[in-house]
Amino acid sequence: MAHEEQTLLRDSLSKSGAIWRITRKLAPVEGSKLGVCTTGKPFSAESSDWSQQGLASSSLQKTAAGTSLCQRYDEELKSRWPWVKQKFHKKMQSPVDINTDQCTFVRLPPIYFIQYWEAEGDMAILENTGHTVKLKLQPKTPIRKRPMISGGPAQGIYVFDSMHMHWGETDNNGSEHLLDGQPFSCEMHIVHYNLKYKTLENALNYFDGLLVTGFFGDAVELDNPELQEFIDDLKQIHDCNKSITVPIKPIFTFIRDCVTDQNYYCYPGSLTTPDFQECAIWIVFSKPFEISSSQLEEFRELKSSEGGKLINKNDRELQDFNDRPILFSVGEIKSIE
Ligand SMILES: [Zn+2]
């Protein structure tokens, strides 16, 4: 990112409600399946881009800002998820099996991972929620010090809220999204909320309220040293609701390779945990990170909220895709150093 763009971005953050919009022209991608999004705003409810590209989704258009998109989930079922399932009749749910034949190839603007790698000294809270392991920043952390994402399909800036993991009973499955029917061994989700909606809770009411980045984890023989601090920390939170304070930096270095020269899938969807609100733009990176079998095993040692049973599986069942648009963005991804 050019210096003046960094300045613009940071200036915009200092002004209340200011949103940095991406307006740059996009270069076409070579290939027969190309569809070019010329505005960089594929998930705008007001935009006619979807219909012009044959990507229109009537359900997308209906999700007017300010409307609550999801019925409230029963509190008891919520506390017992994922051990108790409930049929959920909505059209834009996640996770899904990503069918690469149905993807429209585009070149979206670069995605900027801002303050992701240089957050030295910032502290976070790592918690066993009883359903997963979750990393949150300390509540007092000001927005200007949080990691953020801008670019790609996003209009404006999305602010880091939390990170959590999904895994399975064996190394053969555990990711929530599938790629052409194939699961990965685990999947990490980083939840960001749209800065213009001020808070995560408010953002849940809008179709573009959240931007969730998904990273597949691929089981290998050797330990991934960049994950080891995170894995070691898990040993301190075996009990449900146990939490510890950790430095944020070592948590994210292991995904850096996944985003620097990456391609990603992008579609409108939902949270995969209660209340399953349809408020998320999903970005699922195609390049997985590596994680060893023994590192994966540490996640299965965490105790659940279900009477102390181990959390040996916490991936939601696949949801119908229902003719939603799905993009495969080909292009360079950069970060601010
Ligand atoms: Zn998740």
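User: Why is Cys 279 called buried?

Analyst: A residue counts as buried if 20 or more other C-beta atoms lie within 10 Å of its own, as exposed if 12 or fewer do, and as partly exposed in between, with C-beta atoms placed from the backbone. Cys 279 has 27 other C-beta atoms within 10 Å, so buried it is. One caveat: this is a predicted model, where local features need pLDDT of at least 70, side-chain atom pairs count only at pLDDT 80 or more, and totals for chains, interfaces and linings use all residues. Numbering runs from 1 along each chain as its sequence is written.

User: Where is Cys 279 placed?

Analyst: In the loop between E12 and E13. Those labels come from DSSP runs numbered from the N terminus: helices are H or I with at least four residues, strands are E with at least two. Cys 279 and Tyr 193 sit 86 residues apart along the chain, and their C-alpha atoms are separated by 9.7 Å.

User: What makes Asp 323 exposed?

Analyst: Asp 323 has 12 other C-beta atoms within 10 Å, and the exposed class takes 12 or fewer, so the label holds. Asp 323 belongs to the loop between helix H9 (293-299) and strand E14 (327-329). Its phi is near 55°, a positive value in a residue other than glycine.

User: Which residues does a cis peptide bond join, with omega about 5°?

Analyst: Ser 94 and Pro 95. Pro 95 lies in the loop between helix H4 (75-80) and strand E1 (97-98). Another cis bond links Pro 274 to Asp 275, with omega about 15°. Asp 275 is in the loop between strand E12 (264-269) and strand E13 (280-292).

User: What percentage of contacts join residues at least 24 apart?

Analyst: Two residues are in contact if their C-beta atoms, placed from the backbone, lie within 7 Å. Among contacts between residues at least 6 apart in sequence, 74% join residues at least 24 apart. The chain has nine helices and 15 strands, and 41% of its 337 residues count as buried.
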